[in-house]
Amino acid sequence: MNVDINRNLYDHYDDVKEKYKAPEGVNEEVIRNISKYKNEPEWMLEKRLYSLKIFNELKMPDWGPSLEKLDLNKITYFVIPEAEANSNDWEKVPENIKKTFEKLGIPEAERKALAGVGAQYDSQVVYHNIREDLKKKGVIFEDMDVAVQKYPELVKKYFMKNVKANLHKFAALHGAVWSGGTFIYVPKNTKVDMPLQAYFRMNTKKAGQFEHTLIILDEGAQCHYIEGCSAPLYNASSLHAGCVEVYVHKNARMRYSSVENWSKNTFNLNTKRAIVEENGIMEWVGGNLGSGCTMLYPTSLLVGKNSRADHISIAYAGHDQNQDTGAKVYHLAENTSSTIKSKSISKDGGITAYRGLIKIVKGAKNSKCAVSCDALMFDNKSQSNTYPSIDVEEQESDVVHEATVGKISEEQIFYLQSRGLSAEEAVKMIVSGFIEPLVKELPLEYAVEMNRLIELEMEGSLG
Amino acid sequence: MNRESYLKKFHELTFDNIKSGLGIITKIDVQLDNCYKMNGSTYYDSNKKLFDEEQIVALEHEISKKIKHILDSPVLDNKIDYMHAALRYIKVLIIEENGEYIVSRKISGNQFIHLIIYVKENVDATLYLNTKTDNKELSFTPVSTEFIDIIVNNRSSVHFIELRDYGNKYFLYSRKKAHIGEYANIYWTNIEGPAKLNITELHSSINGKDSESIMNTIVLAKNSEYNIFTRTDHNAMNTKSLMHAGTIMSDSKSIMRGLVYIDENARNSNGYQKTEMLLLDNNSRAISIPDLEIHNNDVRCTHGSSITRPDAEKIFYIQSRGLNQEESKKLIIKGFYDSLLSEVPNGLRDNISNEIEEILYEKK
C-alpha cells in the first residue's frame, strides 16, 4: 500500500527556529516559566500549579491502549516559534510557517468559506482573523492566551470548570501546561452563519501540544467551529493532550467538527466536554485518522430539560495504529435525547475500539438514546472492539444500542464489478458509502479532503 | 497447587471490587473470612451416575485426563476463586447415552460446589439442573460458590437448562463454562432467580470447527443485585453463536456484560449478541455492557441492546381485548421470558415457564 503520497503533506517537518523552548519534562519551574513568558495573571498561575499537584497525584489510566511508550519526562512542554504572536496579517507570518499552512490550505479556506481563522504552531497562535461584521455583533474569536488578558472575567468564570483538573491525569497535565488554543464567545441570540476554523500544527520533535479551546454560546446563540490538526513524522513520540470545553446555554446550538490527522507517532489523549442547558443542542462531528494511539471520548452533559446531543465519529486505524474512541452522554434532566453514530475502519493490523458510556440518572424521565456502531475490517491481522456501557436508573426512558462488525461482502464487490468498476474502485466506492453519514456533515472542503485521505489510505487494499 | 496453598493465598489476598467497565463496579460486602468453617450440605435427589472426586481416577483414561486438566487449571482471578479452589466439593456426571437427565439439588448453608459434566462423542442429551435452597432462617449471609464445567465432545449435542432459585439471602458466586469440540452444539438456557448478590460468568468456548453455541439467559431480578457476564469465544473456523439475555427487574441493580470474542483463526464465524432489560419499577438500575472483540475480518458479528419498560400501548391494546391492567402486564412479561425458552425441549418448557411465574409473582 502506498501511504507516502497522502502523508507527505502532513509528515514533512519545517525547519523553523524556535524562539523559546522549555527543557524536557514537567515541574514547577517549567510552569512558572510558561506563565511568566505569557505574562499571565496570578490566578492563572495558581490554577496551573494546582493542576500540576493533581497531575503528580493521579495514576496513569489502567484500561484502554498501552501508554508504555509514552515517556512523560522526555516531552518538551512549551515551544515558541520565531514568529509574531497573533498576527492578523497573513504577510507577517514567517515564510516557512506560512508555507506549511498554505500547503494545508488554511488561507485559501478562509477566503472561500469561513468567517474566521486561527492557526497555531507548536505552543503559539501565529495567525488569527475574524470577519468584521461578526466582531461588531460582539462575537469574540481569539487566541486563548490573548483572551486571558483581554477577557479575564469571562475566562475566569468558565475556564476548566467543565473539564476539571481532577477528571483524569491528562486533564491535569493539560491544566498545568496548556498553551494557545481558541476562545469563542457568541452573545445572546447571535447566529454565526459561516463556520469558524482553527488549525493546530505541532512541529517540534518530542514536543507536546496542549491547546485549550473554550467555547461559550450565550442564550439562543448558534455557531459552527471546525478544527484541523496535524504534526510531522519524527522517530520520537510526541504528545497531544488538548482540551475542548463547550458551554451551550439555553436555546443555543453548537456544532463542533474536527479532523485530527496527527502523525503516526503521536499520542493523542484529548479531552472534549460540553455542558448543554435547556433546549440546547450540541453536535460533535469528528474524524480520527492519524496518530499512533488515540484516546478520545467526547462527552455531553445534558443538564437542562429538552436538551440534545448528537455524536458522529469515524476512526481509521492502519498499521501500528490504535484508535480508542467513543462517546459519553449523561442524561441529567427530563426529555433529553442523544444519538451516537460511530464508524470505524481497521486494516493492516490496526486496532479500532468504540468505548462509550450512556448514563440516565433517576428523574431524567422520557430520556431517549440511540447508539449505533459499525466497523469494517480488511484483514485478520486487524482488530475491532466494541465496549459500550449503558447505565439506566430511570424506568421511563428508552435506550437502544446496536453494533455490527464485518468485512466488505464479496457480493457487493461483485455487483459493482458487473456494473463496470474495477475491484479496487468498487472497494473505494463501498468505503465512501460507509463513511458518508459523517462526511456529509462536514463542510465541503473538509468532506473532499476526508474522502481523499481515506481513498488514498485504502489504495491497494483489496486482497 | 493443592488445597492448602489455595487457602493460604485466599488469606493473603485483599478483596477487590469487581470491575465491569468505565467506573462500573460491584461491591462485595459479604464476610468471607470465616464462611469456610460453616460448611452446609447439598442433597441430590437423583440416582444418576454422579461420581465423587476419588472416583475420577477409575474413569476411562481419556475422560479422567480431561477432567483432571480442568481441575488442575482453575480460574484464579480473585480472592473468591482461591477460596473455591481450596474448598470445592467435586461431583462428576458422565453422559454416555442419548436421553434426558434431570438433577435436582437442595442446598443448605454455605456451599462450594464444582460440578463437571462430561458428554461423550455422538451423544444427543438434555440436562436439566434445578437448584433450590431449604429456606432456613440463617443468622449470617450464606455463601455459595457454584462452578460447572460442561465438556461437549465431537459431534455431540446438548441442551443444558439450569434454574437456580437461591432466595434473596444468598451470595452466589458462579462460573459455568462449556468446552465445545468439533461439529458439536450446545443450547443453554440459564434462569437466574433472586439472590442477595449473584456474580456469575457464563462462558461458551467453541474450540472445534463447525460448532454452534446458543446461550439464552433469563434473570429474574427481584430485590437483588446481579453481575452477570456472558461470553462466547470463537476459537475455530465456521463457528456460530448466539447470546440472548433478558432481565426482568424490580427493586434491583443489574449489570449485564456480554462479550463475543473472535480469534484470528476463526474464519467464517458468525456471532450475535442481544441484551434486553425490562424495568418494572422506578427503583432499579440497569447496566448493559455488550462488548465485542474481533480479530478476524471474515466474520459477521452484531449486537443489540435495549433497556425499556412494558410498552404502554401494548398494555392498552391487550386491555381492549378484555384483560385488566395487571393481567395485561403479566402477559407482556410472559412474552418477554417465553421467547428465551425457545431452546428448552417441549416436555420441559411449560414446567419451567410455570416456575418462573412462581418466582416472579408468588413468593415474597
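A salt bridge is a side-chain nitrogen of Lys or Arg within 4 Å of a carboxyl oxygen of Asp or Glu. By this rule, 3 salt bridges are found across the interface of chain A and chain B in this predicted model.

The interface can then be viewed as a whole. The size of an interface is often given as the accessible area lost when the parts come together. Here chain A and chain B bury about 3,100 Å² between them, with 46% of it on carbon and sulfur atoms. Chain A brings 38 residues to the contact and chain B brings 36 residues. Between the two chains, 23 residue pairs are in polar contact. On the side of chain A that touches chain B, β21 (351-360), β23 (383-392) and β24 (397-406) each supply at least two residues. Sorted by class, that side of chain A holds 12 nonpolar, 13 polar and 13 charged residues.

Strand β24 of chain A also pairs with a strand of the partner chain: 8 bridges join β24(A) to β20 (residues 299-308) of chain B, and the two run antiparallel. Within β20(B), B:His303 stands opposite A:Ala403.

Aromatic rings come next, with 12 aromatic pairs found over all chains. Among them, A:Trp63 and A:Tyr297 have ring centres 5.8 Å apart and planes at 45 degrees, so the pair is tilted. A:Trp63 sits in the loop between α3 (42-57) and β2 (79-81) of chain A, and A:Tyr297 in the loop between β16 (293-296) and β17 (299-302) of chain A, so the pair ties together parts 234 residues apart in sequence.

Terms used. Residues numbered from 1 in each chain as written. Chains lettered and ligands numbered in written order. Predicted model: local features only at pLDDT ≥ 70, side-chain atom pairs only at ≥ 80, totals over all residues. Heavy atoms only, no water. Contact = heavy atoms within 4.5 Å. Buried area = accessible area lost by both parts, 1.4 Å probe. Polar contact = N/O pair within 3.5 Å; in protein donor to acceptor, adjacent residues only side chain to side chain. Helix = DSSP H or I, 4+ residues; strand = E, 2+ residues; numbered from the N terminus. Nonpolar A, V, L, I, M, F, W, Y, C, P; charged D, E, K, R; others polar. Pairing = 2+ DSSP bridges. Phe/Tyr/Trp six-rings, centres within 6.5 Å; stacked < 30°, edge-to-face > 60°.
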